[in-house]
4 protein chains.
Amino acid sequence: MLDNIIAFMAAEFPQSTVKIMTVGDQGSTVKQEIGVDQLRPGGTVSGPVLMAVADVALYVAIIGEIGLVPLAVTTSLNINFLRKPSSERDIIGVCKLLKLGKVLAVGEVSLYSEGQEEPVAHVVGTYSIPPK
Amino acid sequence: MLDNIIAFMAAEFPQSTVKIMTVGDQGSTVKQEIGVDQLRPGGTVSGPVLMAVADVALYVAIIGEIGLVPLAVTTSLNINFLRKPSSERDIIGVCKLLKLGKVLAVGEVSLYSEGQEEPVAHVVGTYSIPPK
Amino acid sequence: MLDNIIAFMAAEFPQSTVKIMTVGDQGSTVKQEIGVDQLRPGGTVSGPVLMAVADVALYVAIIGEIGLVPLAVTTSLNINFLRKPSSERDIIGVCKLLKLGKVLAVGEVSLYSEGQEEPVAHVVGTYSIPPK
Amino acid sequence: MLDNIIAFMAAEFPQSTVKIMTVGDQGSTVKQEIGVDQLRPGGTVSGPVLMAVADVALYVAIIGEIGLVPLAVTTSLNINFLRKPSSERDIIGVCKLLKLGKVLAVGEVSLYSEGQEEPVAHVVGTYSIPPK
């Protein structure tokens, strides 16, 4: 299934640079390599990059459960920035779905600088699922 | 420490009906008995009751770490309602702090109808901590 | 229409003490009288009371547009506490809908201590609208 | 003042492509030109682009009030996606501060496809202000 999801995401979101590591069990793990393009002055990862990672983690966790649905869209995203991310470590996103309903899915994502124990940000997001 | 926190909360918030079960390790567990006063028509627990439970869980998790600070105040609270709570089960709130900074603390609370596995709501809240 | 909505709310939510002042134009104004029951120690209005006022304001703004739908439910609510509410002034909630879709409605509510210019809290909430 | 803020932002955030139109009166207006880099498949503006626009709008509204403070950081951001943005129109962000405290500032931003009346997204964000 993981290969199918990776191929689907590559076709649907060719410009995304987020790598999908694991999908399943109502969750996912993703990774964003951090380079100059992802940093902002002060040597930290920019907020929009963190949000993009969380958004992908949520999306793949959902399609890991309901199948390859191209029309699911984010309806809300709430992010708390907790600690300054390292500029020298990749960002890991760990998603856990909280609800998978017929019209709405809700999940949380903890974002980490790779190898560190405490999250740099925490996201709760909601997706709208199109009717079949 | 638990006894001190329970006594502190009873003195500071005499009208609260939330019971404090455990505090420590950057978290807490609390319980709200559900009776007629906590229900709304349709036989479910009202949203403001759920929010009040989460607010207490966050507060006691914070004072479990930083001591009995009466002036910490909630600055934001984001709640997602996930499933209809049972009208016949108490509400359990399980809090885990995500960050405990000098001026802000952030935590998440999962709310359950007692004995059920899937949460009825999920809260992320922020407290402002007064300077010493 | 206002009378119909007031009668509907009184029947559906008999325990609510929020008064509906105006409904229409994708918005509403509501009022909560503040007495001992709405206060918490320190002489301020409790957070759950503010959230309940916002929830009613959103709900009546929605049914002012789509008709008397008893099954619409709150799916998320995000509140920022901005200033300490006065213990001696009623709370006014002013709601403006941001989106009224087929399955989701989103609105914001500014909450005021009556007669004061700056809001005490700001809420963004989402309702799920049942299929017809 | 506008020129100073534009120069400050260009120096501090050289990679930002958001243009600052107006600042003052506890608010701001900003604009993001939309081209291929800002779109995602399906012909719409990507979520992280909208969040980045809102973040800049909040930041410049704050420094328009408190002066050129480089160390203010976003602590939370809550976005609701309301309508599909046009791929052929620039994005306009209109920010209004809700609170400007000593340690926290809170503001809301409505995001529009230029020339359209209804917002495509709505953001509430919080900034932490460093002690002087």
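**Where the chains meet**

Analyst: 18 residues of chain A are in contact with 18 residues of chain D, where contact means heavy atoms within 4.5 Å. Please note that this is a predicted model, in which local features need pLDDT of at least 70 and side-chain atom pairs count only at pLDDT 80 or more, while totals for chains, interfaces and linings use all residues. Residues are numbered from 1 along each chain as its sequence is written, chains are lettered from A and ligands numbered from 1 in the order in which they are written, and side-chain values use heavy atoms, with hydrogens and water left out.

User: How much area do chain A and chain D bury between them?

Analyst: The two bury about 1,600 Å², and carbon and sulfur atoms account for 56% of it. Buried area is the accessible area (1.4 Å probe) that two parts lose on being put together, summed over both.

User: And how many salt bridges are there between chain A and chain D?

Analyst: The count is 0 salt bridges; such a bridge requires a side-chain nitrogen of Lys or Arg within 4 Å of a carboxyl oxygen of Asp or Glu.

User: Which elements give two or more residues to the side of chain A that touches chain D?

Analyst: They are strand 3 (39-40), helix 2 (47-66) and strand 5 (73-81) of chain A. Helices (H or I, at least four residues) and strands (E, at least two) are DSSP runs, numbered from the N terminus. Strand 5 of chain A gives the most, with 8 residues. By class, this side of chain A has 10 nonpolar, 6 polar and 2 charged residues. Here Ala, Val, Leu, Ile, Met, Phe, Trp, Tyr, Cys and Pro count as nonpolar, Asp, Glu, Lys and Arg as charged, and the others, Gly among them, as polar.

User: Does strand 5 of chain A run parallel or antiparallel to strand 5 of chain D?

Analyst: The two strands run antiparallel, joined by 5 bridges; strands pair if DSSP finds at least two bridges between them. Within this pairing, A:N80 stands opposite D:S76.

User: What rotation superposes chain A on chain D?

Analyst: A rotation of 180°, with 0.0 Å of shift along its axis, superposes them with an RMSD of 0.0 Å. That is the relation of a two-fold axis. The superposition is by least squares on the C-alpha atoms of residues with pLDDT of at least 70 in both copies. Of the residues of chain A, A:N78 comes closest to the rotation axis, at 2.1 Å (C-alpha).

User: Changing topic, what about chain B and chain C?

Analyst: Chain B has 18 residues in contact with 18 residues of chain C. About 1,600 Å² is buried between them, 57% of it from carbon and sulfur atoms. Strand 5 of chain B and strand 5 (residues 73-81) of chain C run antiparallel and are joined by 5 bridges.

User: Which residue of chain C does B:N78 stand opposite?

Analyst: B:N78 stands opposite C:N78 in strand 5 of chain C. Of the residues of chain B, B:N78 also comes closest to the rotation axis, at 2.1 Å (C-alpha).
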